[in-house]
Amino acid sequence: MTSPASGTDIASALPDYAPVPRSAVGPALNDQGYYVGRVERNLYWVTDGSYQSAFLTTKDGVVLFDAPPSIGGNIRRAVDEIASANGVSNKVTHLVYSHHHADHAGASSLFDKNVVRIGHEETRRLLLRDNDPARPAPEETFADRRTLKIGGERIELAWRGPNHSPDNIYIHFPDHDALMLIDIVNPGWAPISMCNLSEDIPGYVAAPAIALDYPWKHFIGGHVTRLGTRDDVTLHQQYMADIDASVRKALVSVDPTPFFQKYFDNPWAAVSALFEAWTDAGAAPVIEKYTGVLAAADVYTRSTVFWVMESIRLDLGFGSYVHP
Ligand SMILES: [Zn+2]
């Protein structure tokens, strides 16, 4: 058991970071720890300050988009609050999964088994594989595109290749001027660890341009405290482009020779030290440029730089050396 004194010691030893810019701060949470707001007309979003989900109230019931477990029971409370304020049904009839990850889908089982779950066919395959009772697999699936018409509302689902995960989809609300795309852009904030823990970095880097090809004004990114704008997505693109350019510069300017001289009998030590040096060189100018612009740029840029660097080396073959 941790005593309060040692807890204080741990806290006081933690590093300080740059203040969170005002532009990264969203609406305050209520006493129950959530905020629900209107995106446009009958499309709403819910946040706990870290995660986001969304729902449409229709004449036949409520369509829910993602069920993050951290919001959990507050999804139900948010739906009830809006439905009673507007005098519409609070019955959740459909749940659309953005992708299979537990942190966005793990409260799915709070909704009864009569809810129609919809997702990409790969989401179904992965959820059947993972066999988590909190996340029932979607029984309605699609491969590339699917238009949902539910209670007089139109929702366009599209899979445009792997990015953050193999199954992450674009959820477009053409009649609500909104796009939901999870775990790519965190409006106002740097991505967390390694490009928001993304699996396919060329796909992750390409996704914002695909998002901007859709017409929309409101962006639901799945994380942090507020909705996004087109400018947020453009700023994220610029951040990733700056990381790309900085990494390429670091890869050609840091000479590997001294690392292998020092650790001539331990190649993993040499590689580890070289990766650190490449990452430091790639991250420094980006951290300087984006501190105060994107919240937590000083916390997480280094991690994202490392992951982009490995993708530039391994996916794109940049700097690949063929022994003569
Ligand atoms: Zn995810």
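**Note on helix packing in the predicted model**

1. Helix 7 and helix 9 (residues 267-290) pack with their axes 8 Å apart, at an angle of about 145°. The model is a predicted one. The crossing of these two helices is right-handed.

2. On the helix 7 side, this contact is made by Leu235, Gln238, Tyr239, Asp242, Ile243, Ser246, Ala250 and Leu251. Helix 9 contributes Trp278, Ala281, Gly282, Pro285, Val286, Lys289 and Tyr290. Sorted by class, the contact of helix 7 with helix 9 has 10 nonpolar, three polar and two charged residues.

3. Helix 7 (residues 230-253) also meets helix 6 (residues 201-213): their axes come within 10 Å and cross at roughly 155°. Helix 6 is therefore roughly antiparallel to helix 7. The crossing in which helix 6 passes helix 7 is left-handed.

4. Tyr204, Val205, Pro208, Ala209 and Leu212 of helix 6 make the contact with Arg230, Val233, Thr234, His236, Gln237 and Met240 of helix 7. By class, seven nonpolar, three polar and one charged residues take part in this contact of helix 6 with helix 7.

5. Helix 4 (residues 121-130) has Glu122, Thr123, Leu126 and Leu127 buried. These residues lie on the same side of helix 4, because they cover an arc of only 130° around the axis. An α-helix has 3.6 residues a turn, so residues three or four places apart point the same way.

6. Strand 6 (116-120) is what the buried residues of helix 4 pack against. Just after helix 4, Asn131 adopts a positive phi of about 50°.

Notes. Residues numbered from 1 in each chain as written. Predicted model: local features only at pLDDT ≥ 70, side-chain atom pairs only at ≥ 80, totals over all residues. Heavy atoms only, no water. Buried < 20%, exposed > 50% of the residue type's maximum accessible area, 1.4 Å probe, protein only. Helix = DSSP H or I, 4+ residues; strand = E, 2+ residues; numbered from the N terminus. Arc of directions from axis to C-beta. Contact = heavy atoms within 4.5 Å. Axes fitted to C-alpha atoms, helices over the stretch in contact; angles between N-to-C directions. Parallel < 35°, antiparallel > 145°, perpendicular 65-115°, else oblique. Left-handed = near helix turned anticlockwise from the far one by under 90°. Nonpolar A, V, L, I, M, F, W, Y, C, P; charged D, E, K, R; others polar.
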